[in-house]
Amino acid sequence: MKKGTLAILEKTILDHPALSVCRDDIIKAYKVLISCYENGGTVLICGNGGSAADSEHIVGELMKGFLKKRPLPTIDKEKIGDDTLSDNMQGALPAISLVSQTSIATAFMNDVEPNMVFAQQVYGYRNENNVLIGITTSGNSKNIVNAVKVANAFKMNTIGMTGESGGLLNSLCTVTLKAPVIETYRVQEYHLPIYHALCAMVESEFFEL
């Protein structure tokens, strides 16, 4: 862990003291994400409702500069061969929001089984170096649970983001980040600083500027 990376987490806990109970699990999730990216993997993310919006938000923080500018490395600039292009691009950490795939999602929900919509996409993207982040405030959303089960079947690491109990994901995921509250809207309020801390920590590991 680079100097300053842990400070990001400590600042988050200072701002949100209730998240101190999540500290060790956030570090575990960080290590899972680092391993994913070091091995050429992609992060897949899914959720429903407000958690679907969080899925999109996380992709936005990973695929472009979050707290850093992320200039392209020289080797990539040389491959592109056009400074006008490369100077207006940023380093990316590969991430896909499964909730964005409207054609496959609606087709699968209509033609096959709605509760398998994310599981089908996980199967399509299956790779043991990938990581699935499943967001469900109860920890029990069927389509998220099914996606995690399929990811586990193909030896993918899984990160659950839930409320206090952890629900079914607590026993299914590699690591479960349990917001220390029960009410749905409050769980979602705590999920934001948790994934912001994770995205900033991972970015700090891979990008200097």
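## The cavity and its lining

α10 gives four residues to the lining of the largest cavity, the largest share. Helices here are DSSP runs of H or I with at least four residues, strands are runs of E with at least two, and both are numbered from the N terminus. At least two lining residues each come from α3 (50–63), β4 (157–162) and α10 (184–206). Among the lining residues are Leu-33, Ile-133, Leu-177 and Cys-199. The lining divides into 11 nonpolar residues, no polar and no charged, where Ala, Val, Leu, Ile, Met, Phe, Trp, Tyr, Cys and Pro count as nonpolar, Asp, Glu, Lys and Arg as charged, and the others, Gly among them, as polar.

This is a predicted model, with local features needing pLDDT of at least 70 and side-chain atom pairs pLDDT 80 or more, while totals for chains, interfaces and linings use all residues. Residues are numbered from 1 along each chain as its sequence is written, and side-chain values use heavy atoms, without hydrogens and water.

## How much space

The count is one cavity of 30 Å³ or more, and the largest cavity has a volume of about 70 Å³. A cavity is a set of points on a 1 Å grid over the protein atoms alone where a 1.4 Å probe fits but cannot get out, and lining residues have an atom within 4 Å of a point. Points are joined across faces, edges and corners, and the volume is the space filled by probe spheres set on them.

## The cysteines

Cys-36 is buried at 1% relative accessibility, and Cys-199 is buried at 4%; buried means under 20% relative accessible area (1.4 Å probe, protein chains only).

How values were computed:
1 Å grid on protein atoms, 1.4 Å probe; cavity = no way out; pocket = protein on both sides within 12 Å on 5 of 7 lines; lining within 4 Å. Buried < 20%, exposed > 50% of the residue type's maximum accessible area, 1.4 Å probe, protein only.
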